[in-house]
Amino acid sequence: MRGRSLSVIKWLFIIGMAVALPLATVCYAKKSPLSPAAKAGKRVFAQNCSLCHNANSTQNKIGPGLKGILKNKELPYSHRPATVANVREQIEKGNPQGKPMPMPPFGGKLSATEMNNLIAYLKTI
């Protein structure tokens, strides 16, 4: 009787794991949805930044790829600390020394809300 109970428990465990592991993988593999601000920032990025920058890669386009920009230790090219303040300043003031061409300033083009949304999006990439 005891041997049979252990066998049943063993099979129930195996079946439970066979069901639970794929479900856990699917749940953890999904990216969390973007906040409303980050969604709006993604649109700002598409309209203003995507011509020169990749969002899903660190590969250079005209400017550097921005994947992980606020997760890195320093910003590409300038090597300044990768902080929200430094990224915001770079976007607002541009980079006249940018290679292969200067980055234009967006401070007068983007509203404060658009800038905040863009920063929210950059935090997610």
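Y77 is placed in the loop between helix 2 and helix 3, where helices are DSSP runs of H or I of at least four residues, numbered from the N terminus. This is a predicted model, in which local features need pLDDT of at least 70 and side-chain atom pairs count only at pLDDT 80 or more, while totals for chains, interfaces and linings use all residues. Residues are numbered from 1 along each chain as its sequence is written, and side-chain values use heavy atoms, with hydrogens and water left out.

**Backbone geometry**

Y77 is not a glycine, yet its phi is positive. H79, also not a glycine, has a positive phi and lies in the loop between helix 2 and helix 3. The peptide bond from K99 to P100 is cis, and P100 belongs to the loop between helix 3 (84-93) and helix 4 (112-122). The angles are as follows.

| Residue or bond | Angle |
|---|---|
| K99 to P100 | omega near 10° |

**Accessibility and contacts**

Y77 counts as partly exposed because its relative accessibility is 42%; buried means under 20% relative accessible area, exposed over 50%, and partly exposed in between, with a 1.4 Å probe and protein chains only. P36, in helix 2 (residues 36-48), has 68% relative accessibility and therefore counts as exposed. The C-alpha atoms of P36 and A120 are separated by 9.3 Å, although these residues are 84 apart along the chain.

N54 lies in the loop between helix 2 and helix 3 and is buried, with a relative accessible area of 18%. Leaving aside residues up to four places away in sequence, N54 touches F45, Q59, N60, K61, P64, G65, L66 and K67, where contact means heavy atoms within 4.5 Å. A polar atom of the N54 side chain lies 2.9 Å from the backbone oxygen of Q59.

**The largest pocket**

The largest pocket holds about 520 Å³ of space. On a 1 Å grid over the protein atoms alone, a pocket is an open set of points where a 1.4 Å probe fits, with protein on both sides within 12 Å along at least five of seven lines; lining residues have an atom within 4 Å of a point. Its lining has 28 residues, of which H53, P64, L66, Q90 and M103 lie nearest the centre of the pocket. Helix 3 and helix 4 each supply at least two lining residues, and the largest share, 3 residues, comes from helix 3.

Note on methods. Grid points are joined across faces, edges and corners, and a volume is the space filled by probe spheres set on the points. A polar contact is a pair of N or O atoms within 3.5 Å; within protein, one must be able to donate a hydrogen and the other to accept it, and residues adjacent in sequence count only if both atoms are side-chain atoms.
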